[in-house]
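Colleague: I would like to learn how to read a model of this kind. Please take me through it.

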Amino acid sequence: MPKKSRICRSLFVLLSLLVLSGCARNPVTGKRQIVLISERQEIAYGREAHPEVLAQFGRVEDSNLQSYFNQIGQKLAGLSHRPQLEWHFNVVDSPIVNAFALPGGYIYFTREILAYMNNEAELAGVMGHEIGHVTARHSVSQISKSQLFGVGLGLGSVLSPTFSQLSELAQAGVGMLSLKYGRDDERQSDELGVEYMSLGGYDPRELSKFFVVFQQMRADSNQSIPDWLSSHPAPPDRITATRQEAEIIVRAQPDKRWIVNRETFLRRISGIVFGENPREGFRSDGWFVHPELEFRIRIPTGWRVQNSKQAVVSSPASEDAAIQLTLAEAPEGTSPGEYARDLAEQSGVELLEGENTRINGNRAFIGTYRFQDSQGNRLSALAAFIDFRGRLYQILGLAPNQTFSKYARTFEDSLTSFSRLRDRNLLNVQPDRLQIRTARRGQTLRQIAQAVNNPRMNAEALSRLNRIDVDQSLRAGTLVKVIEAGRR
Ligand SMILES: [Zn+2]
């Protein structure tokens with residue numbers, strides 16, 4: 001063989017190797033597709049992001065519910081195109097109707113989306129849909145860290161959050177994971193959801209029934225579009241398409257007894273918190289109060305407040321300033337003054353002035369910092385570090401250098417108002433909870449709503465939650481969801 005051609009051949013082999021390493025077979029379609037990250041990276045990615053998600057939302061502390069949820073998840077994942085992945089299923093503590101997946105096999109449902117479901121088959125359908133995003137490797141090549149953590153990330157790290165992140169936070173709303181998939185991905189996940197749930201023995205027709213909830217919510221002007229819908233661009237034929245796919249499967253197995261499991265499901269979700277949990281902080285007159293941590297802080301008039309598990313951020317409509325409260329990440333026993341000076345050691349951060357002081361009886365340090373964010377913006381911060389009941393609180397009043405003086409007084413008023421919450425009524429608030437009631441023969445949801453008497457949940461809202469007409473007379477023994485009012 002002439003020398004030249006051998007070189008050509010080895011060059012060709014080398015080139016194919018290079019090209020193939022950038023390709024992988026899609027687990028669902030079996031087709032080769034170009035992916036920018038390997039399965040190992042994908043898994044590492046999910047594993048790294050998982051604790052951040054739990055930190056941002058918190059996990060619902062109900063081991064019965066979690067193990068039930070995990071059991072259904074594992075069953076469906078085992079029937080999916082990627083049974084070999086290590087799958088993780090968690091119910092997170094958020095009042096927003098949402099379900100989402102991280103690459104590598106991490107699936108999350110909020111407690112609120114569970115509250116809107118009516119049986120195990122609906123749960124299995126949405127579960128199958130989210131598993132589908134993972135098995136078909138949707139967006140794996142596009143997802144960037146900033147997309148995942150557009151909200152919430154970096155808030156724990158001192159003085160590094162950029163100003164744009166703060167205004168993003170103010171706009172986006174706390175607790176939203178801004179993962180967006182394309183329409184084709186959604187359609188494919190819907191198909192996979194129908195497929196996986198029916199493989200698990202669940203009645204596939206229930207998935208399209210659950211989608212109807214979102215239509216009702218959207219039609220109701222009082223309710224904003226839930227995240228699951230807004231982050232899932234829905235083709236108008238989505239309900240029809242999933243219904244038709246389900247019909248085909250059901251027709252092909254005429255003798256099969258499909259699982260719906262309404263009662264089991266309702267019993268499992270009984271007792272979960274519904275809506276905002278006031279124990280984790282809320283506005284009261286001019287204050288933000290936190291019954292669980294027993295503190296309060298003044299919020300400037302007209303400013304908005306975003307409260308998450310990691311930070312409380314308040315900002316004016318102009319969004320050119322923010323007050324951010326977090327727990328400082330400091331070793332136990334660090335004094336406010338030590339912590340303040342440690343911060344100034346960071347490169348690009350300058351402590352202009354500051355002193356040890358007391359704020360409403362608590363050991364504190366107040367200082368003025370100047371620093372640059374990652375985009376090169378020059379910012380100033382009035383910072384207070386307060387030792388309160390064994391924790392070190394960090395409160396920053398942040399503004400660009402040019403407008404800082406305009407806000408200095410407002411920041412100071414807020415920072416120095418931080419104090420112990422003593423109002424018993426505020427300390428003892430309790431959230432609303434979902435409970436299961438058994439209807440008497442002929443009873444209607446309207447009557448049940450009257451009996452429950454929750455000012456935040458009228459008969460119409462209860463009707464939407466149960467997807468039962470408000471004046472329909474119920475059969476004896478029918479289980480219905482009600483929302484019992486917590487103490488306010
Ligand atoms: Zn989706």
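Modeller: We start with line-up and confidence, then turn to one hairpin. The accessible surface of the protein chain is about 23200 Å², and 47% of that belongs to carbon and sulfur atoms; such areas come from the Shrake-Rupley method with a 1.4 Å probe, and for residues only the protein chains shown count as cover. This is a predicted model, in which local features need pLDDT of at least 70 and side-chain atom pairs count only at pLDDT 80 or more, while totals for chains, interfaces and linings use all residues. Residues are numbered from 1 along each chain as its sequence is written, and side-chain values use heavy atoms, with hydrogens and water left out.

Colleague: What is the mean pLDDT of the protein chain?

Modeller: pLDDT is the predictor's confidence in each residue, from 0 to 100. Its mean here is 83, and 81% of the residues reach 70 or more. Residues 1–22 fall below 50, and that stretch has six contacts beyond near neighbours in sequence, a contact being heavy atoms within 4.5 Å. Residues 141–178 are also below 50, with 85 such contacts in the model. Where pLDDT is low, the predicted coordinates should not be read in detail.

Colleague: How many helices and strands does the protein chain have?

Modeller: Both are DSSP runs numbered from the N terminus: helices are H or I, at least four residues, and strands are E, at least two. The protein chain has 17 helices and 19 strands.

Colleague: Is Glu-319 buried or exposed?

Modeller: Buried means under 20% relative accessible area, exposed over 50%, and partly exposed in between, using a 1.4 Å probe and protein chains only. Glu-319 counts as buried because its relative accessibility is 18%. Buried residues make up 52% of the 488 in the protein chain.

Colleague: Where is Glu-319 placed?

Modeller: Glu-319 is in the loop between β11 (312–315) and β12 (322–327). In this hairpin, with six residues between the strands, Glu-319 takes a positive phi near 60°. Its side chain makes a polar contact of 2.8 Å with that of Arg-304; the term means N or O atoms within 3.5 Å, where within protein one must be able to donate a hydrogen and the other to accept it, and residues adjacent in sequence count only if both atoms are side-chain atoms.

Colleague: Which strands pair with β12?

Modeller: Two strands pair if DSSP finds at least two bridges between them. β11 pairs with β12 in the antiparallel sense over three bridges, and Val-312 has Leu-325 as a bridge partner. Strand β16 (residues 391–400) pairs with β12, also antiparallel, over six bridges.
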